[in-house]
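Colleague: I have a new model open and would like to learn how to read its features. Could you walk me through it?

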Amino acid sequence: MSALQASSLILSSSSSRVTINGAIHVPKLPNVRFTVPKKSSLNLTKQMVIEELNNLKQGFNTQNDDVYSNNNNNNANTSTSLTVTAQLYAILEAVNDRVEMHDNIGQQRDNWNKLLLNSINMITLTATTIAGVAAATASPGTSSLALNVSSTLLFSAAAGMVLVMNKLQPSQLAEEQRNASRLFRQIKTQIETDIALRSPTKYDLKKYMDKVLSLDKAYPLPLLGAMLEKFPQKYEASNWWPSKKSQKGQNESFQQENNNGWNESLEKEMREVIEVVKTKDRVDYERLGNLVLKINKALAISGPLLTGIAAVSSPFVGHGSWAGVLAVTAGALATAVNGFQHGGQIGMVFELYRNCGGAFKHIEDEIEATIGEEEFEKRENGELFQVKLALKLGRSLSQLKELSAKSASARLNGTTIDEFASKLI
């Protein structure tokens, strides 16, 4: 290490002279050798860097392809869901339109019943009065031809109107439309609930389409060619729902943890409810329906028959005592019969019994189709199904279980249960 001598620094004062010598030591720098890489080493390094960049690029492209593929799948699923939702909204619009149509036509046919009944009774009473006057004023030297002709024409018109009215049964037609409107409103609520809670599927689309078409068939709007038979041979419950094909056989085991709210006890409870509905409620409504059907048939025959007898007797009023009595009596009885049949709306009562019987048949089919489904995941949730059934029958959950226990006990004892399944209708 070399030393560099600095010049002397001389300080002068008045009394003495001091000389200071200083030195600065600088360390030696080490010898650093820089090796220049060879050309082959540079090429190898360059190739490694290029390969690494290519790998990164390929990984990035692959990741982008996966993202694009997922986006395309999501877009396709979204597009399908939107299409199904749009189609479901189209069905909802059709249902709203049908509700309005059935409401309007139901009011119109209810007006028919009132107006036709009032008109027929007024015509019949007028003709009866004329016939009575003609009989009272008849004498050997006078002619009551005008009164006889008038009463005959009025009785004939009343008989024709009664025949048409009995054939159509406007009160029953009005009840059909009221029930159809109620059922279409149920479908409307179900569609709106499905759209609000989840994304609808093609299965939902087919389900609601079948429901709408089945309702159209059960409660037709036209009168000519499509009107329901008003006087069938025997009582038959209404059927407004599409048929469900349920698989018969042994269901899955209840050993697994998730059974979608179903268990063996709940299935037994549902089967007992079906048994009570079959043996009590449906049988009772079938009995009442057949009774009302017989009464309606008898009244539908009696009204036109009595009016016709009065019309035939009217021309002979004044030519014998019995003709006047027969015409007046038949006219009065015809008014009473028509008033009881259409004023009491016997046809509507028969249709009401048909709808009630159909409601119980619907409950029965729904339970059988649900518990007949082997896969629990495809069933409606068991607890929710139980609550819905209890509400349909006007019972609480505890009352539903009590009904099931009573039915099982009665079957074991070989007797029938002493109460109906429904407390609502």
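Colleague: Is Glu272 buried or exposed?

Modeller: A word on the model: it is predicted, so local features need pLDDT of at least 70, side-chain atom pairs count only at pLDDT 80 or more, and totals for chains, interfaces and linings use all residues. Residues are numbered from 1 along each chain as its sequence is written, and side-chain values use heavy atoms, leaving out hydrogens and water. Buried means under 20% relative accessible area, exposed over 50%, and partly exposed in between (1.4 Å probe, protein chains only). Glu272 has a relative accessible area of 11%, so Glu272 is buried.

Colleague: Which residue forms a salt bridge with Glu272?

Modeller: A salt bridge puts a side-chain nitrogen of Lys or Arg within 4 Å of a carboxyl oxygen of Asp or Glu. Glu272 pairs with Arg411, their closest N and O atoms being 3.0 Å apart. This pair links distant parts of the chain, with Glu272 in helix α5 and Arg411 in helix α9 (residues 397–413), 139 residues apart. Helices here are DSSP runs (H or I, at least four residues), numbered from the N terminus.

Colleague: Where does Lys406 lie, and where is Glu419?

Modeller: Those two also form a salt bridge, with the closest N and O atoms 3.0 Å apart. Lys406 is in helix α9 and Glu419 in the segment after α9, so the pair ties together parts 13 residues apart in sequence. At 35% relative accessibility Lys406 is partly exposed, whereas Glu419, at 18%, counts as buried.

Colleague: How many salt bridges does the structure hold?

Modeller: The structure holds 25.

Technical notes: Helix = DSSP H or I, 4+ residues; strand = E, 2+ residues; numbered from the N terminus.
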